[in-house]
Amino acid sequence: MDIFIYRVMAKNFWKIVNEVISESDIILEVLDSRLVNETRNKEIEDKVKASNKVLIYVLNKCDLVDIERLKKLKLKPSAYVSSQKRYGITKLLHLILRYAKKDKNIVGVLGYPNTGKSSLVNALKGRSSASTSPISGHTKGKQIIRINKKLYLLDSPGVFPYKEKNEMKHAVTSSLDPAKVKDPELAVIELMKSFPGKIESYYDVPQTKSYEKTIEKIALKNNKLLKGGVPDTETMSRIILRNWQKGKIKL
């Protein structure tokens, strides 16, 4: 991506983020439970704390990890949820209500791309809730989602820290479409290093000392081949990243 275009997009996204923080009473920072620290946006956290707003850490996709591992992080206040499976949503609502001091409270939803913000919003909204509801006094043209008489969700696009341009981190944290990753093999190797044996177990291949050889074995087993029967490790790596992104590879 052209660096000028990147900066323009980043500025536009951060303009929205700043508006969400300004307009909200409570902020939910949605994190990927598999990579909690990697998906924390310290710039957002600092802005929220500087504005004296309540920040709740929402560790989404918790069904993909051992909950005990999350408890050791000691992030407070926090909630462990699986928005896809509707796990922990009621507890999260109770936690939000604990900090909701007004008759009408705006709850901003922020986080990295693909941490599950949209599915979390849908889970919180529920079938019986109104779809969207405009609130006077807020940014022109912005719609917020009514949860109940007391809570309204204000969604936002996913954003990276303003100065962060680490494509490999974005690939590993599922923030970047696998089709757009320049070096998918390297991204898969990073996952293998971070979570030994998990990818090998999912694809039922033995661990080896060579990550490259392991990817080749996975490609061969899944019939991803180039001409002459050579393992197509690039295509296979993109598939692995896609399965990681979809939550098929559990920790």
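Predicted model: local features only at pLDDT ≥ 70, side-chain atom pairs only at ≥ 80, totals over all residues.
The protein has 251 residues, and buried residues make up 49% of them. Its secondary structure comes to 10 helices and 6 strands. If we take the contacts between residues at least 6 apart in sequence, 63% of them join residues at least 24 apart.

Now the cores. The largest nonpolar core has 23 residues. Which of them touch the most other members? They are V188, L191, I199, Y203, I218 and I240. Helix 7 gives the most, with 5 residues. There is also a second, separate core of 22 residues, which includes V81, L95, L120 and L124.

I will stay with helix 7 for a moment. Its buried residues are P184, A187, V188, I189, L191 and M192. What do they pack against? The partners are helix 6, helix 8, which spans 198-202, helix 9 and helix 10. You can follow part of this from I199. Setting aside neighbours within four places in sequence, I199 is in contact with V188, L191, M192, I218, I240 and I249. Three of those names come up again here: V188, L191 and M192 are among the buried residues of helix 7.

Next, helix 9 and helix 10. Two packed helices are described by the angle between their axes and the distance between the axes. For this pair the angle is about 85°, and the axes are 9 Å apart. An angle of 65 to 115 degrees counts as roughly perpendicular, so helix 9 is roughly perpendicular to helix 10. On the helix 9 side the contact involves I215, E216, I218 and A219, and these meet T233, M236, S237 and I240 of helix 10. By type, the residues of this contact divide into 5 nonpolar, 2 polar and 1 charged.

T233 deserves a separate look. This threonine sits in helix 10. Beyond its neighbours within four places in sequence, T233 is in contact with E185, I215 and E216. With E185 there is a polar contact between the two side chains, at 3.2 Å.

Last, the backbone. Most residues other than glycine have a negative phi, and most peptide bonds are trans. Here are some exceptions. N52 is not a glycine, yet its phi is positive, about 60°. N52 lies in the loop between helix 2, residues 42-50, and strand 2, residues 54-60. K61 also has a positive phi, near 65°, and is placed in the loop between strand 2 and helix 3.

Are these two residues buried or exposed? N52 is exposed, with a relative accessible area of 70%. K61 has 13% relative accessibility and counts as buried; the cut-off for buried is under 20%.

The remaining exception is a peptide bond. From K76 to P77 the bond is cis, with omega near -10°. Where is P77? This proline is in the loop between helix 3, residues 67-71, and strand 3, residues 78-80.

That is what I have for today.

How values were computed:
Residues numbered from 1 in each chain as written. Heavy atoms only, no water. Helix = DSSP H or I, 4+ residues; strand = E, 2+ residues; numbered from the N terminus. Buried < 20%, exposed > 50% of the residue type's maximum accessible area, 1.4 Å probe, protein only. Core = buried A, V, L, I, M, F, W, Y, C linked by side-chain atoms within 4.5 Å. Contact = heavy atoms within 4.5 Å. Polar contact = N/O pair within 3.5 Å; in protein donor to acceptor, adjacent residues only side chain to side chain. Axes fitted to C-alpha atoms, helices over the stretch in contact; angles between N-to-C directions. Parallel < 35°, antiparallel > 145°, perpendicular 65-115°, else oblique. Nonpolar A, V, L, I, M, F, W, Y, C, P; charged D, E, K, R; others polar.
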